[in-house]
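These are my notebook entries from a reading of this structure, kept in the order in which I looked things up.

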Amino acid sequence: MIPVLKPLLALAFTLSFTLPARAEIEIQQVETPAGFKAWLVEEPSIPFTALELRFRGGAALDLPGKRGATNLMVALLEEGAGDLDSRGFAEATESLAAQFRYDAGQDAIGVSARFLTENREAAVDLLRQSLIAPRFDQDALDRVRAQVLSGIRSDAKDPDAIADATFDALVFGDHPYGSDLSGTEDSVTALTREDIVAAHQAGMTRDRVVIAAAGDITAEELSTLIDGLLSDLPDSTQDLPEDVAVETTAGVTVVPFETPQSVAVFGQRGLARDDPDFFAAYVMNTILGAGGFEARLMQEVREKRGLTYGVYSYLLPMDHAALYMGRVASANDRIAEAVAVIRDEWAKLAEAGVTQAELDQAKTYLTGAYPLRFDGNGPIAQILAGMQMDGLTPDYVTDRNAMVEAVTLEDVKRVAADLLDPEALRVVVVGQPEGFEDADTATP
Amino acid sequence: MRSLAAVIALAAFGAGSAAAQEVEEKVTTFALDNGMEVVVVEDHRAPVVVHMVWYKAGSADETAGSSGVAHFLEHLLFKGTDTLEPGEFSRVVAENGGTDNAFTSLDQTAYHQRVAADRLGLMMQMEADRMVNLQLTEADILTERDVIIEERNMRVENDPGALMREQMTAALYLNHRYGVPVIGWPEEMSTLGLDDALAYYERFYAPNNAILIVAGDVTADEVRDLAEQHYGPLPANPDLPAERMRPQEPPQLAERRLVMTDPRVAQPYVMRRYLAPEREPGAQEQAAALTLLAEVLGGGQTSVLNRALQFDQQKAIYVSAFYDGTAYDDGSFGFAVVPAPGVTLAEAEAALDAELAEFMTEGVDPAQLDRIKFQLRAQRIYAQDDVSDIAQRYGNALTSGLTVADVQAWPDALQAVTGEDITAAARAVLDRRRSVTGWLTAEAPTKEVSQ
């Protein structure tokens, strides 16, 4: 099928926004003849296009007993398609200097493509083959499976990965979120070509795709491109996973592992992205533990006490659950103190909220930093895809800073009291930590 | 579905097409009277600037016994000056919606902020201030020393692969300071004091040893005015050595081999590194050939080593070749091979060497070379999208002994490399006498070592 021959009926309308600090982002909403919707920022000064696709569902669609199928399938998309075997596909990609990246996430499969204007059609045709007609040849499957298994074995001896896996299993149990999307040695070893084909049919579906582009392409050109690229994908037949509640208890779980520095992850329930209090929580976390040196956790754990190189916390709203998470690493004989300081900060913020000065400072940072994100075709395409995944509309770009400004001291105080729960803060420590009196023990 | 003929035609189109340098980087360079060099990279698509100050001083410029002091000082530069309180620098950046950080490497130390373009003057004012007015207390020193020790724990001590790479680097250099880790040896880090940090600061932090790079939504004239206002008044350091003092490598006559055993190793691998020449000002040909050699041998699925070891012989699950020619003194060319299940490290290493030997006689596949060169030209287009990458490229080169002219000549130097140049470079550099081979394993491979 060659959709290019269809009459071109692209609907495009443009919303123009002026960001503070005078960035102007024009988001065009494109609806294609085949019914796909895409967001576009046209920017012709550099002759290439950045295209971002997201397929909702992701590795959480893995069927029982088939953990790792989506991940392995996604890794195989560039390992042969149509008439091209693995090597042929790689040579063709190199010949066009196109860049394709395929990623499996818990909630979505991501495809990032960059291609030159001068050979756009050929590059998109090649990308199409990998999405529509991947071969999943047995030799490629076995070769890539060996790479995935090597990664699984490495994770089993990596303190960071052990900490994440232990926390997820504690909180989510048998839900797909409870295990790493790579799967286990057993589950991946048992995957067949049929499992991979099934994961492809289930995971890459035309009714669950989100599309964003930025760069040297018009709305009409993008419309044609999308219909050619995606029209032959199947519709979804598999339901998305169930939502799952996060219930944690206070305490420390130690995973004994011989290494000089303990790694700790800590967390409790979080807030959904569409929760009315999400912005207040986001501002609150900027003050408590997001990245910068000014955050309370960084000040207390690193700047004042020198207990770590890095400590941070973050809201993690996923499609079917929401967490509030953080991370720190300290020498085995200092990790208990670091965790105690974090606990105190958690409780202090829940009880007393933040100061007006802290709130003002966080708002100035967040509103000032926002327009700086839109600084290239690649970042813009990713932001547009992320906004659609979050269910936002294009005018969010102009409204967002006002929503940050609208957060009051009282909002933060209320959300801190509601959300931060020292009685639910679970800490998983991997290493040979000293000084945890009543810790549970888990095996890696 | 596309026919094979179409693919061949498409490949020919790709290789023959002259994409590339239609889009030129808009770069302006000049110097202030006090010797500070300035590079401006214009990109007016978004109202953002990246402001960087790079010092031509890194860990390889430290005095013996104080390893890690360059990096330690980099941390301490956030501690305050005559007019800024500890932490105030980063707080002001954040209050202006910006982000800031710094890094230390073998040949350079750099401080950078990313902010709205209209805040550039403020960034310069603060960066100029801490170039000369640093104020440190003993308490700052002790707390921050704990932080860098935890940083070493995180980056190195908790990672057996990082520990092996550190041991290999120490073995690769018989005399040069590149053999000492940037973060420092643990025993020396724990004794670093205020005197060590201040001695390094006073020796190297001065406008005549610094490069200012501003990239983004700004014009060269605006940068010149602001730079003259903020950096212009700073005095040059008259005692700055005319040349960087670097002990050079003696002739390397014997290959070195090491086995690193650590129970935390899940996936054994073998790594080889050869001493290799770096890009020389005005003479980048050999470095260009080595850059392409790394691509030909290990760059992606179609590379020589991947085809042979991963696809044909199935002895490896991962192979790479690496070379970074941007350094002040000799760098290294290297390989890593992760063996397939059931393949020993000895077998993996033997397969690597057999393939390298065959490459020396077979030479370079012209079609592969064409694909690589086309990708390098396309990379120039993609690179325009990220102005901080361009800034990084200039900063790295100019603190590694290269000039702006060298940076701008580099793409053409890469395009000029022939297949013969590549094999000649391989013959010159891939000499085991000037190499280190490391095996990383969970258990001591006694049988393999005795082979």
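How far apart do the end C-alpha atoms of residues 193-376 of chain B lie, and how much of the span is helix and how much strand? I keep in mind throughout that the model is a predicted one. I found the end C-alpha atoms of that span 46 Å apart, with 40% of the span in helix and 21% in strand. In UniProt, an unreviewed entry places the feature "domain: Peptidase M16 C-terminal" at these residues of chain B.

**Entry: the N-terminal annotations**

I then turned to residues 38-183 of chain B, where UniProt, again from an unreviewed entry, places "domain: Peptidase M16 N-terminal". Over this stretch I noted 42% helix and 18% strand, with the end C-alpha atoms 28 Å apart. For chain A, the UniProt annotation "domain: Peptidase M16 N-terminal", also from an unreviewed entry, covers residues 41-184. I read 44% helix and 18% strand for that span of chain A, and its end C-alpha atoms lie 41 Å apart.

**Entry: chain A as a whole**

I counted 15 helices and 13 strands in chain A, and its C-alpha atoms fill a box of roughly 70 × 55 × 35 Å along the principal axes. A compact globule of 444 residues would have a radius of gyration near 22 Å, and the 24 Å that I noted for chain A agrees with this. Of the 444 residues of chain A, 53% count as buried. When I took the contacts in chain A between residues at least 6 apart in sequence, 81% of them turned out to join residues at least 24 apart.

**Entry: a covered helix in chain A**

How many of the 11 residues of helix 9 of chain A are buried? I found 9 of them buried in this helix, which runs over residues 278-288 and is mostly covered. The buried ones include A:Tyr282, A:Met284, A:Asn285 and A:Leu288. Looking for what covers them, I listed several elements of chain A, among them helix 10, strand 10 (311-317), helix 11 (335-352) and helix 14 (396-405).

**Entry: where the chains meet**

I found 65 residues of chain A in contact with 60 residues of chain B. Elements of chain A that give two or more residues to this side include strand 6 (108-116), helix 4 (138-155) and helix 13 (377-389). Which helix gives the most to the side of chain A that touches chain B? That is helix 2 of chain A, with 9 residues. By class, I noted 26 nonpolar, 22 polar and 17 charged residues on the side of chain A that touches chain B.

A:Ser95 counts as buried because it has 27 C-beta neighbours inside 10 Å, where 20 or more are needed. I also compared A:Ser95 with A:Lys66, and the two are 29 residues apart in sequence and 36 Å apart in space, C-alpha to C-alpha.

**Entry: two helices of chain B**

Last, I examined helix 2 (residues 69-76) and helix 8 (residues 194-204) of chain B, which pack at an angle of about 90 degrees with their axes 9 Å apart. That angle makes helix 2 of chain B roughly perpendicular to helix 8 of chain B. On the helix 2 side I noted residues including B:Phe72 and B:Leu76, and on the helix 8 side residues including B:Asp196 and B:Tyr200. The contact has 8 nonpolar, no polar and 1 charged residues.

Definitions and conventions
Residues numbered from 1 in each chain as written. Chains lettered and ligands numbered in written order. Predicted model: local features only at pLDDT ≥ 70, side-chain atom pairs only at ≥ 80, totals over all residues. Contact = placed C-beta atoms within 7 Å. Helix = DSSP H or I, 4+ residues; strand = E, 2+ residues; numbered from the N terminus. Nonpolar A, V, L, I, M, F, W, Y, C, P; charged D, E, K, R; others polar. UniProt positions renumbered as here; feature names shortened; annotations may be inferred. Rg over C-alpha atoms; globule rule 2.2 N^0.38 Å. Buried ≥ 20, exposed ≤ 12 C-beta atoms within 10 Å, placed from the backbone. Axes fitted to C-alpha atoms, helices over the stretch in contact; angles between N-to-C directions. Parallel < 35°, antiparallel > 145°, perpendicular 65-115°, else oblique.
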